[in-house]
Amino acid sequence: MVSLNVTATAYNAVEHQTKKGSRRAAWGDLLEDGVKAVAVSRDLIAMGLDHNEEIEIEGFNGTFIVKDKMNRRWTKKIDIFMGLDEQAAKEYGKRQVEIRFNKKNQPNDKFSQ
């Protein structure tokens, strides 16, 4: 199990936060209400936290699935998808959290042994 400390925020499928309020994630997945999905910064992708990886997020029950990627300007960050509930996203705010995930060995993967 890999553990990392990251900055976590939350986002919604509304126009001022996504491209025209799209529910289509960067890899083409459709984000539906209730799905436990996250977007990750591209540096985390480069380290091996890739599309469809399951992660645990400190403070939440269960696992989330990496379904989206963030703008290149962000580093060591995740964004938790909260559907259309903007109030929940605002209340979550910005936090430092630990994320945990099992990583399969892949070539050139920072977490592979």
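## Positive phi in two loops

N52 sits in the loop between helix 1 and strand 3. Helices (H or I, at least four residues) and strands (E, at least two) are DSSP runs, numbered from the N terminus. N52 is not a glycine, yet has a positive phi of about 70°. At 40% relative accessibility, N52 counts as partly exposed. That class lies between buried (under 20% relative accessible area) and exposed (over 50%), with a 1.4 Å probe and protein chains only.

K76 belongs to the loop between strand 4 and strand 5. K76 also has a positive phi, of about 45°, although it is not a glycine. Its relative accessibility is 41%, so K76 counts as partly exposed.

## Basis of the model

This is a predicted model: local features need pLDDT of at least 70 and side-chain atom pairs count only at pLDDT 80 or more, while totals for chains, interfaces and linings use all residues. Residues are numbered from 1 along each chain as its sequence is written, and side-chain values use heavy atoms, with hydrogens and water left out.

## Chain overview

The protein chain has two helices and six strands. From the N terminus on, the order is β-β-α-β-β-β-α-β. Of the 113 residues, 43% are buried.

The accessible surface comes to about 6,800 Å², and carbon and sulfur atoms hold 44% of that area. Areas come from the Shrake-Rupley method with a 1.4 Å probe; for residues, only the protein chains shown count as cover. Take the contacts (heavy atoms within 4.5 Å) between residues at least 6 apart in sequence: 72% of them join residues at least 24 apart.

## The barrel

How do the strands of the closed barrel run? The order is 1-5-2-4-3-6, six strands with mixed pairing. Neighbouring strands of this sheet are turned by 50° against each other on average, direction ignored. The axes behind that angle are lines fitted to C-alpha atoms, for helices over the stretch in contact; angles run from 0 to 180 degrees between N-to-C directions. Two strands pair if DSSP finds at least two bridges between them. Strands of a sheet pair through backbone hydrogen bonds, either parallel or antiparallel.

Strand 1 pairs with strand 5 in the parallel sense, over five bridges. There, A8 has I78 of strand 5 as its bridge partner. Strand 2 has two pairings to describe. With strand 4, strand 2 runs parallel and is joined by four bridges; A39 stands opposite D68 of strand 4. With strand 5, strand 2 pairs in the antiparallel sense over three bridges; V38 has I80 of strand 5 as bridge partner.

In a regular strand the side chains alternate between the two faces of the sheet. In strand 2, A37 and A39 point one way, V38 and V40 the other way, and all are buried.

## Nonpolar cores

In soluble globular proteins, nonpolar side chains tend to be buried together. A nonpolar core is here a set of buried Ala, Val, Leu, Ile, Met, Phe, Trp, Tyr and Cys residues joined through side-chain atoms within 4.5 Å. Which members of the largest core touch the most other members? They are I55, I57, I78, I80 and I99, out of 22 residues. Elements giving two or more residues to this core include strand 1 (2-11), helix 1 (42-47), helix 2 (86-92) and strand 6 (95-101). Strand 1 gives the largest share, five residues.

I99 touches V2, S3, L4, V6, L49, I55, E56, I57 and I78, not counting residues up to four places away in sequence.

Rings of Phe, Tyr and Trp (its six-membered ring) pair if their centres lie within 6.5 Å; planes under 30 degrees apart count as stacked, over 60 as edge-to-face and the rest as tilted. The count is three aromatic pairs. F60 and Y92 have ring centres 5.6 Å apart and planes at 40°, so this pair is tilted. F60 lies in the loop between strand 3 and strand 4 and Y92 in helix 2, so the pair ties together parts 32 residues apart in sequence. F60 is partly exposed at 28% relative accessibility, whereas Y92 is buried at 8%. F60, F64 and Y92 form one aromatic cluster.

K90 also lies in helix 2. Is K90 buried or exposed? At 62% relative accessibility, K90 counts as exposed. K90 and Y11 are 79 residues apart in sequence, but 8.7 Å apart in space, C-alpha to C-alpha.
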